[in-house]
Amino acid sequence: MRGFRTLLPPEFPSAGAIALDGRSAVLAMLAAWGSVLVFSLAPTLRSLRISARIPSSSGRGSAGRGSDGGRLRSTFVVGEVALAATLLAITILVARSLSAIRGLDTGFTVEQVVAFDLSLPENRYPDDDALGQAAARLAIALDETPGIEAGGVGVGLPGRNWRSASYRLPDEATDEGGGESLRVAIRYASPGYLRTLGVKAARGRSFTAADDDASTPVVLVNRRFAERLWPGLNPLGRTLVVSGRSVEVVGVVPNLLEFGPFGLFDMAYLPLAQWPSRQLSVVAHVPGGPNSARTLAQTVVARVDPTLAPHSVARMEDVLLLPADKTVAMGKVMSVLSGVALILALVGVFGSMTYSVSQRVPEIGVRMALGAAPARIQAMVLTDAARLFGTGLAIGTVLAVLAARGVTAFLFGVRASDPSTFVGSGILLLVVGLGAAWIPARRASTVDPARSLRSDG
């Protein structure tokens, strides 16, 4: 259970509540015992039928390819291969999605950047002045802490959390309730916060230290938001009403993937000094890597208030992947399931081919006595294995195409019906399967014709 919980992201609902209780243990035991009874029933019934027949000289070969037992084994192997093919194809689709997500350019600088959150208690920071002073001291502590090359303070992190605010243009009337009805995603940030994450103004300027609570309220907007509000016009210097306050647009930033790979939204960025907050997020460029991140976070916070403790310390690369946490979790789970299914399929093929070769020793001896080359015998066994794998792959591919439609929500940058995925997974599975059949094929080619004919007699 501990291992399974590691496959799920920390934000996954009820991830910590997954545990093994008495009911699930009993159900697992009943399922295991039931499987033993069901799968031992078929050979038991077959043995009873055989014992009722008159023995014949062909009795030893009755467990071969054409017998009931041989067909039953082949059916099981085909089913195992079909299951492995289905799960492997889905796993490759999800893995390709993860690769596309990790390679996506979000517009942020995240290399060697760590982040953490901090909550300011109301009893120690009762008003906006106290909150603003704490954020300012935190920014100074980031600049003065050895090991931190750059840092800043904001509210929320790209990929992890965000806020929204009502807005309107100054010449637009408010709705009947007296407030703006339209909303825009917002991010409160200090100049160092934007600088550390590589956010630069494409037009106008970014925030500066002069944008404090005593200066004119300002705002940065992303290109998407600016083009929607003022199409074909210069947005710089224009006024926007956000949460009832008039703010001046001083800069336009590029369209950043604040919410991961699954959507681009209108964004407004407000200076933290003019919009104090009790919940803060800190970003820091740490050239030494993330190993010292927690220690540095504690050092920075202790400089501001030793009674506070940072939480949710993480690398920004991981934070930006949080919107795709379902895809990440699905990829891990599917990797485990497909791995187990692949092992079962390989064991099934190996066991089936080994047993088949043991039952066909007299036939193989006759073939070799009549001049069949060892390579021909190997090819014969591998052909039987390829026939089983081919049938299983055909069924598994059809099932995979149908199952892929159910995981569309987890995919990014790859189509659920991508043919190269199904062809690639089929070839991979076939090569691995023939590798598993190679050992019994090689054993078959080393049969001594004289000994096999004597034992048959």
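This is a predicted model: local features need pLDDT of at least 70, side-chain atom pairs count only at pLDDT 80 or more; totals for chains, interfaces and linings use all residues.
Helix H12 spans residues 419–444 and contains 26 residues. From its first C-alpha to its last it reaches 37 Å, close to the 38 Å expected at 1.5 Å a residue.

**Helix H12**

- A kink of about 35 degrees is located at tryptophan 438, shortly before proline 440.
- Buried positions in H12 include Thr421, Phe422, Ser425, Gly426 and Leu429.
- Further along H12, Gly433, Ala436, Ala437, Pro440, Ala441 and Ala444 are also buried.
- An α-helix has 3.6 residues a turn, so residues three or four places apart point the same way.

**Largest pocket**

- The volume of the largest pocket is about 500 Å³.
- Its lining comprises 27 residues, and Gly132, Ala136, Asp212, Leu272 and Ala273 lie nearest the centre.
- Helix H4 (residues 128–144) gives the most to this lining, contributing nine residues.
- By residue class, the lining of the largest pocket consists of 14 nonpolar, six polar and seven charged residues.

**Aromatic pairs**

- The whole structure holds two aromatic pairs.
- One of them joins tyrosine 167 and phenylalanine 225 in an edge-to-face arrangement, with 5.1 Å centre to centre and 90 degrees between the planes.
- Because tyrosine 167 lies in strand S3 (residues 163–168) and phenylalanine 225 in helix H6 (residues 223–229), the pair ties together parts that are 58 residues apart in sequence.
- Tyrosine 167 is buried, with a relative accessible area of 3%, and phenylalanine 225 is buried at 0% relative accessibility.

Definitions and conventions: Residues are numbered from 1 along each chain as its sequence is written. Side-chain values use heavy atoms; hydrogens and water are left out. On a 1 Å grid over the protein atoms alone, a cavity is a set of points where a 1.4 Å probe fits but cannot get out, and a pocket is an open set with protein on both sides within 12 Å along at least five of seven lines; lining residues have an atom within 4 Å of a point. Grid points are joined across faces, edges and corners, and a volume is the space filled by probe spheres set on the points. Helices (H or I, at least four residues) and strands (E, at least two) are DSSP runs, numbered from the N terminus. Ala, Val, Leu, Ile, Met, Phe, Trp, Tyr, Cys and Pro count as nonpolar, Asp, Glu, Lys and Arg as charged, and the others, Gly among them, as polar. The expected span of a helix is 1.5 Å times one less than its number of residues. The bend at a residue is the angle between axes fitted to the seven residues ending there and the seven starting there. Buried means under 20% relative accessible area, exposed over 50%, partly exposed in between (1.4 Å probe, protein chains only). Rings of Phe, Tyr and Trp (its six-membered ring) pair if their centres lie within 6.5 Å; planes under 30 degrees apart count as stacked, over 60 as edge-to-face and the rest as tilted.
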